[in-house]
Amino acid sequence: MMDALFEEMKACAREQDLPILRDSELPLFTGIVASCRPSRVLEIGTCIGYSALQMAPFLAPGGTITTIELDRERYDLACRFFRRSPYASVITALHGDGTELAGALPGPWDFVFLDGPKGQYVRQLRQLLPKLLPGAIVAADNIDYHDMFYLEGPLPHKHRTAVTRLREFMDLVGDRSRFETVFFENGDGMTVSQWKG
């Protein structure tokens, strides 16, 4: 059942040029979730629900996923896909700004997946730090940001703020007193960080 639904979701993403996990990232991502068996997952950037449904089979018994999407059409589409899956009861979809809601939601979280606006990662993570359980995993997608992360010299004006904030995010997760972080080149780059708090 899920294989057919995933194929439909991928086709939908291709047709509408929507950003979902690439096939090259999927084994890494699901492997990390499977090894963690999280109970309290927060995802910022639902898109059409593909990554949430990829995580759902690997939740610990009684585990839940809270996922946030700003775009109304994507949110509505995700909700429809969730209802058609066997995991509707463990996924709570919220429509709104991920940065605002990250600060408002009480947590605690043992797995966070950042996949919304890249320039907001550092603000979102700073808000979430007090709500992370010891040993929590924070995964962040699209860190390369179209290969601009490593550019030296002046950045293209329209991407300057996002890349600057991504660098601040990397400084934060690269702080070894707080996180143990690994960077993976799969897709457009993904960081996986374990909170030491």
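This is a predicted model: local features need pLDDT of at least 70, side-chain atom pairs count only at pLDDT 80 or more; totals for chains, interfaces and linings use all residues.

Biologist: What makes the span of H1 close to the one expected?

Modeller: Helix H1 covers residues 2-16, which is 15 residues, and from its first C-alpha to its last it reaches 21 Å, while 21 Å is also what is expected at 1.5 Å a residue.

Biologist: Which residues of H1 are called buried, and why?

Modeller: Met2, Leu5, Phe6, Met9, Lys10, Cys12 and Ala13 are called buried, because that word is kept for residues under 20% relative accessible area.

Biologist: How do you know that the buried residues line one face of the helix?

Modeller: Seen down the axis of H1, the buried residues fall within an arc of 160°, so they line one face. An α-helix has 3.6 residues a turn, so residues three or four places apart point the same way. On the other side of H1, Asp3, Ala4, Arg14 and Glu15 are exposed, and what covers the buried residues includes helix H3 (50-55) and helix H4 (72-83).

Biologist: What is the volume of the largest pocket, and which residues are the closest to its centre?

Modeller: Its volume is about 360 Å³, and of the 20 residues that line the largest pocket, Glu69, Arg74, Asp115, Gly116 and Pro117 are the closest to its centre.

Biologist: What is the lining of the largest pocket made of, by class?

Modeller: The lining has six nonpolar, eight polar and six charged residues, and strand E2 (64-69) and helix H5 (98-104) each supply at least two residues of it.

How values were computed:
Residues are numbered from 1 along each chain as its sequence is written. Side-chain values use heavy atoms; hydrogens and water are left out. Helices (H or I, at least four residues) and strands (E, at least two) are DSSP runs, numbered from the N terminus. The expected span of a helix is 1.5 Å times one less than its number of residues. Buried means under 20% relative accessible area, exposed over 50%, partly exposed in between (1.4 Å probe, protein chains only). The arc is that of the directions from the helix axis to the C-beta atoms. Contact means heavy atoms within 4.5 Å. On a 1 Å grid over the protein atoms alone, a cavity is a set of points where a 1.4 Å probe fits but cannot get out, and a pocket is an open set with protein on both sides within 12 Å along at least five of seven lines; lining residues have an atom within 4 Å of a point. Grid points are joined across faces, edges and corners, and a volume is the space filled by probe spheres set on the points. Ala, Val, Leu, Ile, Met, Phe, Trp, Tyr, Cys and Pro count as nonpolar, Asp, Glu, Lys and Arg as charged, and the others, Gly among them, as polar.
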